[in-house]
Structure formats: C-alpha cells, structure tokens
Amino acid sequence: MIDEKFFRDRLRTLRNEKQVSAREMSLALGQNESYINKIESGKATTTIPSFINICEYLKISPSVFFDEETRNTFDKQDFEYYLKKLSPNQAKYILELLKDITKN
C-alpha cells in the first residue's frame, strides 16, 4: 500500500528541488494548471501512466521516487506548516524544547 502523505510530500520536495512551480509542472505534463497542486494537497490522485510521466519530467526512476532513504529526510515545508498552526504558547514551548535539545 502506498503511503499517500509520503507520495504528496515527496512529489512536492522533488518539484521544489527542480525549482518549478506546481502550475508550470502541470502544464508541462499536458494537464490542467492545478493538476500537481491537487495531488500535493491530497485532493486528487494520479494514474500509473501519469506517475511515470511525472517521474520522466523529474528525470528520476519510479524506484528513486519511492526510495526508502527519503522517508527519513527532513521536510522543511512540512515543519513550517505545522509550526504556523501553533499557538504562541505552543511555539514558545517548542522553541524552549529545541534550545534544550541542541545544548552542547
């Protein structure tokens, strides 16, 4: 079974590494302009042939896309998304925790 969150996050990470917008990538794939955005936001899925086209566009193989090593990489966008959802008190708590963890 495919981990949908991993798929969405991995697509976003690889697209950002190529420095291409979701709109630009969608149009380059011959899709409507919101195609990639809908996949990354979980509002749509893709077919296997479309996934292969995505991999070709990104110049990677499907096995590289699903490389287990990438499951443990840090996703700054994901971190920032959740950080923005914190209350000021929660953010302060996280900051203090980070300071404590990184003490030498």
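The model is predicted: local features need pLDDT of at least 70, side-chain atom pairs count only at pLDDT 80 or more, and totals for chains, interfaces and linings use all residues. Residues are numbered from 1 along each chain as its sequence is written, and side-chain values use heavy atoms, without hydrogens and water.

**Helix α4**
- Helix α4 spans residues 48-58; helices are DSSP runs (H or I, at least four residues), numbered from the N terminus.
- Its buried residues are Ser50, Phe51, Ile54, Cys55 and Leu58 (buried: under 20% relative accessible area, 1.4 Å probe, protein chains only).
- These residues sit on the same side of α4 because they cover an arc of only 145 degrees around the axis, taken from the directions from the helix axis to the C-beta atoms.
- Pro49 and Glu56 are exposed on the face turned away from the buried side (exposed: over 50%).
- The cover over the buried residues of α4 includes α1 (4-17), α2, α3 (35-40) and α5 (62-65).
- Just after α4, Lys59 has a positive phi of about 60 degrees.

**Nonpolar core**
- The largest nonpolar core has 15 residues (buried Ala, Val, Leu, Ile, Met, Phe, Trp, Tyr and Cys joined through side-chain atoms within 4.5 Å).
- α1, α2, α3 and α4 each supply at least two residues of this core.
- Its largest share, four residues, comes from α4.
- Leu11, Met25, Ile36, Ile39, Ile54 and Phe65 have the most contacts inside the core.

**Ser26**
- Ser26 lies in helix α2 (residues 22-28).
- Ser26 counts as buried because its relative accessibility is 0%.
- Beyond four places away in sequence, Ser26 touches Gln31, Asn32, Glu33, Ser34, Tyr35 and Ile36 (contact: heavy atoms within 4.5 Å).
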